[in-house]
Amino acid sequence: MVIRLEYPTPYHPEYQQIIATVLFLREQGVTVQRKHGVEVSKPITTHPKAAITGATVPLLPEGRFTVSYGCIKKKCYAWFKFNPTKLGKAGMNFMATYIGHSMMEKGASTLLDRGLASHLEIAVDIDGVEFDDHCFLDPTLRSEQAFWLEGGTLYLGSKLRYLSIYDKRRELKKKSGVDLGHPRLRIEHVANDGRKYPCEGLEELSNPFSSLIVVRRQELISGPFDVHLSGLRGRIKAKSCSLPIAYYSLKPAERKIALVGLPTSPRS
């Protein structure tokens, strides 16, 4: 998640305090252990006409947040980037305390009251569901990236808005050697389309998974005869392709027929 705050002038007291905190962290040489070495805080350029300076604050072994500041087109901004899932409750509490003590007189509630979220990741975990046993389709997300399917990951959509669906058990075992002991399916919705969402209204956002269709692979390919699914099944068997590719290879009228035979809501 990325939350942005805007300031009318670079001399705003709160903005100046954010600058002081970032520079202090950089002077201390804050580093963060990464998988392939050590990441050192350094300037970040995100706009051709603006130098955005930031620093990373390590909180827990698995969590951190990044605070950056800069001016774009005569407007001053501060960005706070963090992953609530990875930080967990303890990390979020620590971050709120750190922000309140170091940067904002009114505390971290300022982020909720005035902040705009420019990058959102919403995730759900479904225990007991095997990734390889299911097919996935979202008719509102046309693009599909199936390159990572064998590794247990599927992407639906574009880099601006997409669903990341993957085998969480497999990911944890590969990254940390931890075996959950049971299947777990992770579905993440990522919005990075340039829109700004007021933090105070995030709870009122519509369900990002409402158009996702999940169907058992065996049921889709060799289930009882269904006139609505015959065209879709024929494409999947003939081309040995995934559900989204087969769906979008149909003509528009044929897609409408196929949707009648597919479940209208996620199911295991």
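The following dialogue examines how terms are applied to a predicted model.

Mentor: In this predicted model, local features need pLDDT of at least 70 and side-chain atom pairs count only at pLDDT 80 or more, while totals for chains, interfaces and linings use all residues. Residues are numbered from 1 along each chain as its sequence is written, and side-chain values use heavy atoms, with hydrogens and water left out.

Trainee: Why is Thr 110 called buried?

Mentor: Buried means under 20% relative accessible area, exposed over 50%, and partly exposed in between (1.4 Å probe, protein chains only). Thr 110 has a relative accessible area of 5%, and therefore counts as buried. Thr 110 lies in helix H3 (residues 109-114); helices (H or I, at least four residues) and strands (E, at least two) are DSSP runs, numbered from the N terminus.

Trainee: Which residues are in contact with Thr 110, leaving aside its neighbours within four places in sequence?

Mentor: They are Leu 5, Glu 14, Met 104 and Gly 115, where contact means heavy atoms within 4.5 Å.

Trainee: What makes the pair of Arg 114 and Glu 14 a salt bridge?

Mentor: The term requires a side-chain nitrogen of Lys or Arg within 4 Å of a carboxyl oxygen of Asp or Glu. The closest N and O atoms of Arg 114 and Glu 14 are 3.1 Å apart, so the pair qualifies. The pair links distant parts of the chain, with Arg 114 in helix H3 and Glu 14 in helix H1 (residues 13-27), 100 residues apart.

Trainee: What makes Glu 204 exposed?

Mentor: Its relative accessible area is 71%, which is over the limit for exposed, so the term applies. Glu 204 sits in the loop between strand E14 (197-198) and strand E15 (213-216).

Trainee: How many salt bridges does the rule give in total?

Mentor: The count comes to 12. Asp 125, Arg 186 and Glu 188 are linked in a network of salt bridges.
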